[in-house]
Every structure is written in C-alpha cells, then in structure tokens.
Amino acid sequence: MLPMTATPREQAERWIAAARPRTLLLAVTPVLGGVLLAVADSGRLAPFTALATLLAAAGIHIGTNLHNDAADFERGTDTAERLGPARASAQGWFTPAQVKRAAHIAFLTSFLLGLLLVLRGGLPILVLGLAAITAGYAYTSGPRPIAYGPFGEMFVLSFFGIAAVAGTYYLQTLSLSAGAISLGIALGLPAAAVLMLNNYRDFDTDRAAGRRTLCHVIDRPAARYVYAGLLLLPLLLMLFGGLPKPVWPVLLALPMALALIGRLFSGAQGPALNPMLGQTAQYQALIVLLYGVGLLVGAVLAVM
C-alpha cells in the first residue's frame, strides 16, 4: 500500500499518532517513580541524569510502538477488523519501511543517550539499555515475537516496571535497594494490565492472526480476574514493600482501580475498552503522583 498524500501538517500529525503519545505514560511513570525513590533514600537528585533517562526510556517506547505498527501490518494482524485506534501502516499513511526507519531512528537516539548514561552507571547500564532495545525489536519481530505468545505481560513487567525503576534508581544513587525492586514490580503490574486489557479487546482478531497471548491461554473470564489483581496488588506492594514512608496516600487510587475493574466485569468489550487502556496507564501515574505527595507530606512533617 502506498502512503496517502497529505499536507506537511497532516504528515506531522500522522507521525505523532504513529508514535502513540498516549502510551508514553507507561515509559515516563516508572522513571519518575525511580527518581522519587532515589531522592527519598539519598536526599540528592542528579537532574541531567534524570532527564537523559526519561528521554532514553521514551525513545525506546516510541521505537517499540513504531516497529510494532509496521510488523503487525506485515504479519497481517492489523486488518480492517481492528478494534483499536488506527495504525499508520494499516491506514496507508506511511509504508512499513518508512515506519521501521522511524523506529530505527528512535532506538538509535535512545542508544546515543544511553551512552551518556553509561558514563555514569557503567557496564550494568550498557547491558540494560541494549537488552531493552533488543526486546523492543523482539516484541513483534523474529521467529517467535514476544507479543504473539503468552509472555507479553512478563515482558512489560520486566522492562516497564522492574528494569525502568531499578535502572533509574541505580543511575541516581549508583546502588540498588529492595525498595527499588518492590516499586518496580508495583509500577510494572498496572503496565502489564494495559497489555492484558489490549489483548482482551483483540481476543478474536488476535486468535485469527495466529497469536496466542496470555489472555488466550487463560480465556476471558479468568483474564478479568488477572486484570483486577494487576491493579490491586500494586497498592499492597506500595504499603508493605519497604518503601520510605508515608505511603498511605496511594490508597486514594483505590476508587479508580475499583471503577476500572467494575467496568470490565460489567461486560465492557470491543471499542468500549479503548478509553480504559489510557485510564489504566493513568492509574499507574496516579500511584506515583500520590506516592510523591506522601513523601512531600513526610518531609514537611519532619521539619515541623
């Protein structure tokens, strides 16, 4: 399919849409969480390092989105029956080759930023960065793409939770802590819930395309309970995961979690789930925001 003719402004808007900016919360939130925890533990902030970490994480996320866009189209997964938002390759906005080229640029940008971070964090950061970029490609490429099997949620938990938080914390403090791992798991779980919900929505079209995600393995009724657990367990980890106190403000996120769970159990499906994907990512961000509020309250009370 040839790319559709468009004005420069429309082209820019299409590239922005192809990058899926609404999903960037999933890349930004764990980095901010790692920074918050590092400052709480060490009392210091390395601002340039934090900014470079944020940009590198965003670049890897955008690269993964773009590569996924082209690869899914080439594999025949994105068809006219797609229930989610429009994809650039499937809509004919750009050729798959153009979209992949943009993905390579995003990954390369993150790699170059990562080299700056290696100057501070050394070999562990180089290994982590290369692993994240490799996983970004492997998500929908290769003979056994991660997204086409039952381990997608584990991939998200690992890279958009544990690795992102622990890596950020390490870059700030040059050390690791049990709290950083706990926070990484806590923030990775709602990120995994986003993927679970996405696969729940695309259950039939994914199966027709040959995908066998975790949702297919456990079926939709069980997937609803897994989604509920992925939203509720983070609050328990925040409360009892050895994080600097106070953490009680995160309980204010509970009503949002219950509302999202209730909507899924009430029978929401198809395009009706699209807003819930963004709201699940916002729930993850809300947890970090409330944790930051708790740390601020604790700091104020400590000097009073």
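This note goes through the salt bridges, the ring contacts and a nonpolar surface patch of the structure above.

1. Basis of the note. The model is predicted, and for that reason local features are taken only at pLDDT of at least 70 and side-chain atom pairs only at pLDDT 80 or more, while totals for chains, interfaces and linings use all residues. Residues are numbered from 1 along each chain as its sequence is written, and side-chain values use heavy atoms, with hydrogens and water left out.

2. Salt bridges in outline. The structure holds 6 salt bridges, the term being used for a side-chain nitrogen of Lys or Arg within 4 Å of a carboxyl oxygen of Asp or Glu. Among the residues involved, Asp72, Asp206 and Arg211 are joined in a network of such bridges.

3. Asp72 and Arg211. The side chains of these two residues meet in a salt bridge with an N to O distance of 3.8 Å. Asp72 belongs to helix H3 (residues 47-74) and Arg211 to the loop between helix H9 (203-208) and helix H10 (214-240), so the bridge ties together parts that are 139 residues apart in sequence. Helices here are DSSP runs of H or I with at least four residues, numbered from the N terminus. Both Asp72 and Arg211 are buried, where buried means under 20% relative accessible area, exposed means over 50% and partly exposed lies in between (1.4 Å probe, protein chains only).

4. Glu74 and Lys100. A further salt bridge joins Glu74 to Lys100, with their closest N and O atoms 2.8 Å apart. Because Glu74 lies in helix H3 and Lys100 in helix H5, this pair links parts that are 26 residues apart in sequence. Glu74 is partly exposed at 47% relative accessibility, and Lys100 is also partly exposed, at 22%.

5. Arg207 and Asp204. These side chains form a salt bridge at 3.3 Å, N to O. The two residues are 3 apart in helix H9, and are therefore separated by about one helical turn. Asp204 is partly exposed, with a relative accessible area of 43%.

6. Charges over rings. Arg211, already named for its bridge to Asp72, also has its charged end over the ring of Tyr148, 4.4 Å from the ring centre. The charged end of Arg220 sits over the ring of Tyr200, 5.1 Å from its centre. The rule asks for NZ of Lys or CZ of Arg within 6 Å of the ring centre and within 35 degrees of the ring normal.

7. Aromatic pairs. Rings of Phe, Tyr and Trp (its six-membered ring) pair if their centres lie within 6.5 Å, with planes under 30 degrees apart counted as stacked, over 60 as edge-to-face and the rest as tilted. By this rule there are 6 aromatic pairs. The rings of Trp15 and Phe94 have centres 3.8 Å apart and planes at 15 degrees, so they count as stacked. Trp15 is in helix H1 (residues 8-19) and Phe94 in the loop between helix H4 (88-91) and H5, so the pair connects parts 79 residues apart in sequence. Trp15 is partly exposed at 30% relative accessible area, whereas Phe94 is buried at 3%. Elsewhere, ring pairs join Tyr139, Phe155, Phe159 and Phe160 into a cluster.

8. Nonpolar surface patch. Leu108, Phe111, Leu112, Leu115 and Leu130 form a nonpolar patch on the surface, with about 420 Å² of accessible area together. Areas come from the Shrake-Rupley method with a 1.4 Å probe, and for residues only the protein chains shown count as cover. Patches are made of residues with over 30% relative accessible area and no salt bridge, like charges being joined within 9 Å and nonpolar side chains (Val, Leu, Ile, Met, Phe, Trp, Tyr) within 5 Å. Helix H5 (residues 96-121) gives the most to the patch, with 4 residues. Leu108 lies in helix H5 and is partly exposed at 47% relative accessibility.
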